[in-house]
Amino acid sequence: MDAPPNFKEGQSTYRPPRKTSGDPTVTIPKTRKEFNDADRKVIEKNFRAKKILVCGIGPDEYNRISACQSAKEIWEALQTAHKGTTQMKDDESIQDMHTRFTSIINELHSLGEIIPRNKLVRKILSVLPSSWENKVNAITEAKDL
């Protein structure tokens with residue numbers, strides 16, 4: 001299948017439909033009157049995807065993505081924001097860390113990112129402070145993660 005007319009090879013962001021014009025060929029955006037059915041479909045798909053993503057986020061996430069022009073840019077910004085941290089916060093209890101971790105996992109799940117349970121367990125064990133090292137070792141050796 002050919003790439004939509006508003007994407008260049010290797011390009012990952014949405015661009016409005018364009019046309020070539022002039023003697024030295026220049027690419028310029030099409031006016032709404034110049035859109036064809038394929039242009040309308042691409043614009044509609046991008047709009048629907050953006051709407052779904054924006055409706056499913058809170059105010060903090062909205063501030064992160066408000067400048068994004070396409071659904072792909074929004075998705076990438078959300079993925080980057082929700083990858084998580086590599087360790088617990090200094091003043092954070094295990095319960096608080098678990099709540100924060102679960103919240104991130106639930107948001108990723110709602111965005112379509114399914115992470116296997118064994119990978120989640122390994123992630124939790126890897127972010128525990130060094131004072132938990134003996135417990136982490138015991139859990140890792142006792143269970144086949």
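**Exercise 1.** Which side chains meet in a salt bridge at 2.6 Å, N to O?

*Solution.* The model is a predicted one, in which local features need pLDDT of at least 70 and side-chain atom pairs count only at pLDDT 80 or more, while totals for chains, interfaces and linings use all residues. Residues are numbered from 1 along each chain as its sequence is written, and side-chain values use heavy atoms, with hydrogens and water left out. A salt bridge requires a side-chain nitrogen of Lys or Arg within 4 Å of a carboxyl oxygen of Asp or Glu, and the side chains that meet at 2.6 Å are those of Glu 44 and Arg 48. These residues are four apart in helix H1, so about one helical turn separates them. Glu 44 is partly exposed at 38% relative accessible area, whereas Arg 48 is exposed at 52% (buried is under 20%, exposed over 50%, partly exposed in between, with a 1.4 Å probe and protein chains only).

**Exercise 2.** State which parts the salt bridge between Glu 34 and Lys 19 ties together.

*Solution.* The closest N and O atoms of Glu 34 and Lys 19 are 2.5 Å apart. Glu 34 lies in the loop between strand E2 (26-29) and helix H1 (37-55), and Lys 19 in strand E1 (residues 18-21), so the pair ties together parts 15 residues apart in sequence. Helices (H or I, at least four residues) and strands (E, at least two) are DSSP runs, numbered from the N terminus.
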